[in-house]
Amino acid sequence: QYLWAGALIDEENFIEAYKKLMNIKDYSDVNEVLAALEELIYLEGQSLYYEAEYNKARESFSCIPDYDDSKNYITLIDARGYSALVDPEGTAERLSEIFYFEDAAELLVSDTDVACYFLLGKWKTSNGSYYFEMTLKNETPRSFWSSYNLPWYGGTFQIEDGVYLVSNNSHTDKPQYRFTLLTPNSMQVYCYKNGSTYTLYR
């Protein structure tokens, strides 16, 4: 196992080498080699994440879930796929917990359902003159209603990549607002109708 792992390391197959060595943790200098491999696997996972190779990146971080920020990266990767579809409320909660990590803030408003769960509540300017509000319709999952007195067009909405889009009889998917999250409880809202930007607080 030790020699096999060494050969795999020479081939830069760090994940498989790590798995081999985990089976013989008490042998020779295995723990030192494992520590070095963890760093290599983590750095490889980061590179894959930045290259948008999310499935491969997940494999790396899942191999070393307790190393550094591996769990946070797994949360980000999950939010880009199945997790956002089956559990948008949980995804919004998990992303909120790591709000300042990598692109968690952008992911919070990249998908309609996840964004709506994050935006639940009333957001308003410091003087209260402008507001945006998101509520659940009769507490029905994934059914939302929004209201606002910001400059607006009106119509049914969806949220994609931070942009609140509306559609009605006269147009389809017209951008209305762009949300830029500043903190878990504040955001800037750019209004396409008049080009103004407002800072709203939860």
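A residue is called buried here when its relative accessible area is under 20%, exposed when over 50%, and partly exposed in between (1.4 Å probe, protein chains only). The model is predicted, so to speak of local features a pLDDT of at least 70 is needed and side-chain atom pairs count only at pLDDT 80 or more, while totals for chains, interfaces and linings use all residues. Residues are numbered from 1 along each chain as its sequence is written, and side-chain values use heavy atoms, with hydrogens and water left out.

Rings of Phe, Tyr and Trp (its six-membered ring) are paired if their centres lie within 6.5 Å, and planes under 30 degrees apart are stacked, over 60 edge-to-face, and the rest tilted. The count by this rule is 25 aromatic pairs. Tyr42 and Phe61 form an edge-to-face pair, because their ring centres are 5.7 Å apart and their planes stand at 75°. This pair links distant parts of the chain, with Tyr42 in helix H3 (residues 30-50) and Phe61 in helix H4 (residues 54-63), 19 residues apart; helices (H or I, at least four residues) and strands (E, at least two) are DSSP runs numbered from the N terminus. Tyr42 is buried at 6% relative accessibility, and Phe61 is buried at 0%.

Tyr73 belongs to helix H5 (residues 70-79) and Phe101 to the loop between helix H7 (88-97) and helix H8 (104-108), so the pair ties together parts 28 residues apart in sequence. Both Tyr73 and Phe101 are buried. These two residues belong to one aromatic cluster that also includes Tyr42 and Phe61.

Further along, strands E4 (residues 156-160) and E5 (residues 163-168) run antiparallel and are joined by 5 bridges, where pairing of two strands requires at least two DSSP bridges. Phe157 has Val166 in E5 as its bridge partner. The two strands form a hairpin with 2 residues between them, and Asp161 in the turn has a positive phi of about 50°.

What of the nonpolar core, a set of buried Ala, Val, Leu, Ile, Met, Phe, Trp, Tyr and Cys residues joined through side-chain atoms within 4.5 Å? The largest one has 57 residues, and Tyr177 and Phe132 are among those with the most contacts inside it. Helix H3 gives the largest share of this core, 7 residues.
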